[in-house]
Amino acid sequence: MNEPRTQMNLLASSGTQLPGYTRKRIGIVGGGQLAMLMGIAVARDALPYELVILDPTANCPASRYAKQIVGSFANPTDIKTLASEVDVVTYEIELADPTALRNCGKQVYPSPEALETIRDKYLQKKMLREKGIAVADFMAVCDTTTLEEAIERFGIPGVLKARVGGYDGRGNVIIRKKKEVMPAYESLRQQAQGLLLFEKYVPFSKELSVIAVRDINGKIATYPVTENMHNNGILDKTILPARISETATSKAVALAINTIAAFETVGTFGIELFLTKDNEVLVNEVAPRVHNSGHCTLDAAYTSQFRNHLQAVAGHELGITALKTSSAVMINLIGPPATTGKYAICGAELFKDRTDVFVYDYGKPGVNPNGRKIGHVTILADTPDITYLLEKAENIRQKIRIEITQ
Ligand SMILES: Nc1ncnc2c1ncn2[C@@H]1O[C@H](COP(=O)(O)OP(=O)(O)OP(=O)(O)O)[C@@H](O)[C@H]1O
Ligand SMILES: [Mg+2]
């Protein structure tokens with residue numbers, strides 16, 4: 001269960017500078033929980049990095065672990081100000097503006113070109129398909145004529161998606177009947193400013209993901225495949241390792257490696273996958289950043305996705321991605337729907353001395369009516385028996401309550 005005694009880990013945890021590892025100042029566009037968890041990785045392992053974040057909300061989650069510049073993800077001046085304070089720039093949110101990043105005067109990882117392609121689901125899928133990476137059939141939709149054409153080509157069920165800006169399932173509508181086509185189109189058209197994508201429905205047996213990291217020398221490391229369960233379009237649970245065959249595991253890892261390699265850039269990527277009942281694996285979507293399904297790695301892996309992301313963008317060597325436990329599950333703590341106000345995560349104190357249960361509170365200013373991610377819990381088990389792990393996790397989850405305080 002201990003970290004391997006590599007030179008990297010020994011020096012990092014003693015706070016000593018690694019030979020050839022100059023301290024780096026890293027700018028992060030976005031100061032939400034992903035940047036916050038990078039800050040925790042720096043503090044926990046005494047990594048030689050100073051983080052500066054750019055976020056419009058004062059006291060955003062990452063502000064407790066990094067210097068904050070209050071400003072917009074899309075404002076070129078704000079992004080330049082961030083860049084002027086650091087050695088290298090990265091981002092935790094796809095709303096970071098690629099053009100502003102390209103012109104910020106510093107190295108940006110992952111590249112603004114990768115971000116520009118990935119943030120538009122149509123351009124993303126087109127590129128993946130051109131690179132020979134398996135994705136569901138799709139076509140761009142911009143009006144009722146192209147919508148009809150898409151339905152004729154791919155049939156129903158299908159998924160209509162906003163090309164840009166969707167997250168946590170918002171921006172997607174699954175169409176199961178002909179009469180649902182127009183309401184789906186009307187509900188997304190405005191949000192998506194007419195830029196939509198129709199995708200063939202994949203009757204998946206499981207949703208998986210692989211977190212992959214690429215360093216500045218092109219070396220790629222992957223984490224074990226995770227199994228993801230969603231609730232109302234939001235990730236609810238991630239199980240590590242996924243309960244899938246060896247063949248499916250090899251396919252998922254190979255697909256993730258090909259996907260991250262295709263972007264020829266540096267940093268951590270979350271690669272969401274579908275597994276079909278015939279053991280085929282397809283890419284659902286790619287995130288050019290640390291990913292919710294990788295949160296487990298903070299406590300379950302020798303080197304977390306957060307630490308490895310920072311090491312990659314800083315130009316440093318990657319750490320070991322293997323698990324230091326037999327199995328792990330991450331459960332998202334999501335604010336109750338249709339509720340606003342401040343909240344408290346109660347019961348976390350019960351687990352403060354445990355070495356197998358870790359509760360994270362993102363310290364958000366409040367919950368919102370859409371059901372906001374406000375924290376997560378990671379539970380480790382010393383057995384590969386996932387049934388046992390899930391029972392243990394459910395028991396623990398029941399002891400943690402979200403209370404609305406005002
Ligand atoms: N082609 C498809 N066939 C079947 N289900 C799909 C398809 N596309 C998306 N879904 C379902 O909708 C969920 C959300 O889709 P997608 O990942 O595209 O949206 P998102 O809002 O960007 O997601 P998130 O931000 O939660 O990762 C998927 O996890 C999957 O459950
Ligand atoms: Mg997704």
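Residues are numbered from 1 along each chain as its sequence is written, and chains are lettered from A and ligands numbered from 1 in the order in which they are written. In this predicted model local features need pLDDT of at least 70, side-chain atom pairs count only at pLDDT 80 or more, and totals for chains, interfaces and linings use all residues; side-chain values use heavy atoms, with hydrogens and water left out.

Colleague: How many residues surround ligand 1, and which are the closest?

Modeller: A residue is near a molecule if one of its heavy atoms lies within 4 Å of it. By class the shell has six nonpolar, six polar and eight charged residues, where Ala, Val, Leu, Ile, Met, Phe, Trp, Tyr, Cys and Pro count as nonpolar, Asp, Glu, Lys and Arg as charged, and the others, Gly among them, as polar. The shell around ligand 1 has 20 residues, and the closest are Gly-169, Glu-199, Glu-207, Glu-272 and Glu-285.

Colleague: What is the distance from an oxygen atom of ligand 1 to the side chain of Glu-285?

Modeller: A polar contact is a pair of N or O atoms within 3.5 Å; within protein, one must be able to donate a hydrogen and the other to accept it, and residues adjacent in sequence count only if both atoms are side-chain atoms. An oxygen atom of ligand 1 is 2.6 Å from a side-chain N or O atom of Glu-207, and an oxygen atom of the ligand is 2.8 Å from such an atom of Glu-272. For Glu-285 the distance is 2.6 Å.

Colleague: What percentage of the area of ligand 1 does the protein bury?

Modeller: Accessible areas come from the Shrake-Rupley method with a 1.4 Å probe; for residues, only the protein chains shown count as cover. Taken alone, ligand 1 exposes 610 Å². Of that, the protein buries 91%.

Colleague: Between which domains does ligand 1 lie, and why?

Modeller: Helices (H or I, at least four residues) and strands (E, at least two) are DSSP runs numbered from the N terminus, and domain bounds come from an automatic or database domain assignment. Strands 7 (158–162), 9 (196–200), 10 (204–214), 14 (267–276) and 15 (281–287) each supply at least two residues of the shell. Because both domains give residues to that shell, ligand 1 lies between domain 2 (137–200) and domain 3 (204–404).

Colleague: Is the pair of Phe-204 and Phe-274 stacked or tilted?

Modeller: Rings of Phe, Tyr and Trp (its six-membered ring) pair if their centres lie within 6.5 Å; planes under 30 degrees apart count as stacked, over 60 as edge-to-face and the rest as tilted. The structure holds three aromatic pairs. In this one the ring centres are 5.1 Å apart and the planes are at 5°, so the pair is stacked.

Colleague: Is Phe-274 buried or exposed?

Modeller: Buried means under 20% relative accessible area, exposed over 50%, and partly exposed in between (1.4 Å probe, protein chains only). Phe-204 in strand 10 and Phe-274 in strand 14 are 70 residues apart. Phe-204, at 33%, counts as partly exposed. At 8%, Phe-274 is buried.

Colleague: Is the pair of Phe-263 and Phe-269 stacked or tilted?

Modeller: Both of these residues, Phe-263 and Phe-269, are buried. Their ring centres are 5.7 Å apart and their planes are at 35°, so the pair is tilted.

Colleague: Which backbone nitrogen does the side chain of His-309 reach?

Modeller: His-309 is in helix 11 (residues 305–313), where nine of the nine residues are buried. His-309 has a relative accessible area of 0%. At 2.9 Å, its side chain reaches the backbone nitrogen of Thr-268.

Colleague: Which residue does a cis peptide bond join to Leu-240?

Modeller: The peptide bond from Tyr-109 to Pro-110 is cis, with omega near -10°, and Pro-110 is in the loop between strand 5 (107–108) and helix 5 (112–119). The bond from Leu-240 has omega of about -5°. The residue joined to Leu-240 is Pro-241.

Colleague: What is phi of Asn-232?

Modeller: Asn-232 lies in the loop between strand 12 (226–231) and strand 13, and at 76% relative accessibility counts as exposed. Gln-193, in the loop between helix 8 (181–189) and strand 9, has a positive phi near 45°. Asn-232 is a residue other than glycine, and its phi is positive, near 50°.
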